[in-house]
Amino acid sequence: MYLDTEKKKELFKNHGRSKADNDTGSAESQIALFTYRISHLTQHLKVNKKDHSSRNGLLKLVGKRRRLLDYLHDNEIERYRAIIAELNLRK
């Protein structure tokens with residue numbers, strides 16, 4: 001599987017707010033997880049162009065990540081800027 005437990009813990013530890021491997025609820029850790037899954041699905045769809053169900057899942061993930069980023073932008077702008085810089089996201 002492309003995303004095992006160790007990889008998730010590493011993502012949460014590197015990008016989570018409390019920098020702990022069990023920090024799964026913070027917006028930063030969820031955005032990092034969604035970004036990893038989005039990049040994986042993007043690579044999958046480059047090979048499998050007709051996989052429409054994966055494309056729908058990708059669009060839902062992008063929407064979830066966008067909503068979390070909007071939440072951070074509205075409430076805590078410094079955390080928003082930090083996660084954008086960390087993950088090299090546009091905007």
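Hi everyone, let's start with the order of things: read along the sequence, our chain goes α-α-α-α. That makes four helices and zero strands, where helices (H or I, at least four residues) and strands (E, at least two) are DSSP runs numbered from the N terminus.

A quick word on where this comes from. This is a predicted model, in which local features need pLDDT of at least 70 and side-chain atom pairs count only at pLDDT 80 or more, while totals for chains, interfaces and linings use all residues. Residues are numbered from 1 along each chain as its sequence is written, and side-chain values use heavy atoms, with hydrogens and water left out.

Now, the overall form. The C-alpha trace spans about 40 × 30 × 20 Å along its principal axes.

How much of the chain is buried? Of the 91 residues, 34% count as buried. Here buried means under 20% relative accessible area, exposed means over 50%, and partly exposed is in between, with a 1.4 Å probe and protein chains only. The accessible surface of the chain is about 6200 Å², and 50% of that belongs to carbon and sulfur atoms; these areas come from the Shrake-Rupley method with a 1.4 Å probe, and for residues only the protein chains shown count as cover.

Let's zoom in on helix 3, residues 52-75. At 1.5 Å a residue, its 24 residues should span 34 Å, and the end C-alpha atoms are 35 Å apart, which agrees. The expected span is 1.5 Å times one less than the number of residues. Which residues of helix 3 are buried? They are S54, L58, L61, R65, L68, L69 and L72. Here is a handy rule: an α-helix has 3.6 residues a turn, so residues three or four places apart point the same way. The cover over the buried residues of helix 3 includes helix 2 (27-47) and helix 4 (77-87).

One of those buried residues is L69, with 3% relative accessibility. Leaving aside neighbours within four places in sequence, L69 is in contact (heavy atoms within 4.5 Å) with I31, Y80, I83, I84 and L89. By the way, L69 and K49 are 20 residues apart along the chain, and their C-alpha atoms are separated by 28 Å.

Next stop, E28 in helix 2. Is E28 buried or exposed? At 6% relative accessibility, E28 counts as buried. Not counting residues up to four places away in sequence, E28 touches H15, R17, R79 and I83.

Over in helix 4 we find A82, which is partly exposed with a relative accessible area of 37%. A82 and E28 are 54 residues apart along the chain, yet their C-alpha atoms are separated by 9.2 Å.

Last, look at N88, in the segment after helix 4. N88 counts as exposed, at 70% relative accessibility. Its phi is near 55 degrees, a positive value in a residue other than glycine.
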